Amino acid sequence: MSDARFRNPGWAGNTGEFDLTEADVRGSEFVGEQPLDGGHPSVAPSLPYMLVKKDPEAPLFEGPYLERFEKIRSRYPMARAALIPALNLAQELRGHVSPETMDEVAALLGLSDAFVRGVATFYTMYNKRPVGRFLIQVCTNISCNIRGADEVLAAFLEHTGTELGETSSDGDFTIAEAECLAGCGFPTCVQINSRYFEDVSAKDVPAVLERLKREVNDGF
């Protein structure tokens with residue numbers, strides 16, 4: 001449907017009759033700032049792990065991050081069950097999960113290097129090499145493809161001056177093609193770090209990129 005009355009504003013799954021703001025939908029004002037130590041142990045394993053700020057040389061784990069790792073470990077009776085949230089925490093800090101990081105996590109959990117590498121390399125949610133401040137994943141599966149996903153992907157590449165998987169010269173953007181982001185009701189769906197942007201068209205791309213640049217300048 002091209003009628004503007006039916007267009008999703010780009011961040012909400014529910015446009016309905018509630019007149020919700022983006023902050024209302026995302027819950028950003030309610031959730032507030034993410035505590036480095038993870039807060040309550042029941043929350044510590046589930047915090048977003050793809051952030052703007054990344055430090056590839058960050059230690060695993062010190063200070064409040066060690067507290068969060070210990071909270072994560074306390075939630076699981078077996079070390080291997082804590083592996084995915086531990087890898088999430090490593091990626092939150094470093095921005096990607098290198099083979100060396102995998103081995104460090106293995107040592108911390110008392111698991112074999114081979115087991116940890118097998119898990120980390122299986123999941124596409126783990127970046128195996130450094131990415132930009134914003135990892136932009138464009139879904140090109142059936143629903144999104146019908147609604148112009150190829151054009152959206154091409155627009156992101158054009159406006160960032162990159163090829164697929166390449167990071168822009170300013171270090172801000174890495175563009176990737178995603179198989180499915182499970183947002184089929186509002187294509188084209190784009191995941192940027194840990195946020196979803198829905199109903200994105202090629203003409204929306206410049207505004208999305210400008211918004212992201214503002215967030216970097218504002219210290220997001």
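Tutor: Strand 2 gives the largest share of the lining of the second largest pocket, with four residues. This is a predicted model, where local features need pLDDT of at least 70 and side-chain atom pairs count only at pLDDT 80 or more, while totals for chains, interfaces and linings use all residues. Residues are numbered from 1 along each chain as its sequence is written, and side-chain values use heavy atoms, with hydrogens and water left out.

A pocket here is an open set of points on a 1 Å grid over the protein atoms alone, with protein on both sides within 12 Å along at least five of seven lines, and its lining residues have an atom within 4 Å of a point. Strands are DSSP runs of E with at least two residues, and helices are runs of H or I with at least four, numbered from the N terminus.

The volume of this pocket is about 430 Å³, counted as the space filled by probe spheres set on the points, which are joined across faces, edges and corners. Among its 21 lining residues, Thr-124, Met-125, Asn-127, Gln-137 and Ala-176 are the closest to its centre. Both strand 1 (134-139) and strand 2 (173-178) supply at least two residues of the lining. By type, the lining has eleven nonpolar, seven polar and three charged residues; Ala, Val, Leu, Ile, Met, Phe, Trp, Tyr, Cys and Pro count as nonpolar, Asp, Glu, Lys and Arg as charged, and the others, Gly among them, as polar.

Now follow the chain on from strand 2. The loop between strand 2 and strand 3 holds Ala-182, which has a positive phi of about 60° although it is not a glycine. Ala-182 counts as exposed because its relative accessibility is 69%; exposed means over 50% relative accessible area, buried under 20%, and partly exposed in between, with a 1.4 Å probe and protein chains only.

Thr-188 also sits in the loop between strand 2 and strand 3 (190-192), but it counts as buried because its relative accessibility is 0%. A cis peptide bond joins Pro-187 to Thr-188, with omega about -5°. Most peptide bonds are trans, and most residues other than glycine have a negative phi. A polar atom of the Thr-188 side chain lies 3.3 Å from the backbone oxygen of Cys-144. Leaving out residues up to four places away in sequence, Thr-188 touches, among others, Val-138, Phe-197 and Asp-199, where contact means heavy atoms within 4.5 Å.

Note on methods. On a 1 Å grid over the protein atoms alone, a cavity is a set of points where a 1.4 Å probe fits but cannot get out, and a pocket is an open set with protein on both sides within 12 Å along at least five of seven lines; lining residues have an atom within 4 Å of a point. A polar contact is a pair of N or O atoms within 3.5 Å; within protein, one must be able to donate a hydrogen and the other to accept it, and residues adjacent in sequence count only if both atoms are side-chain atoms.
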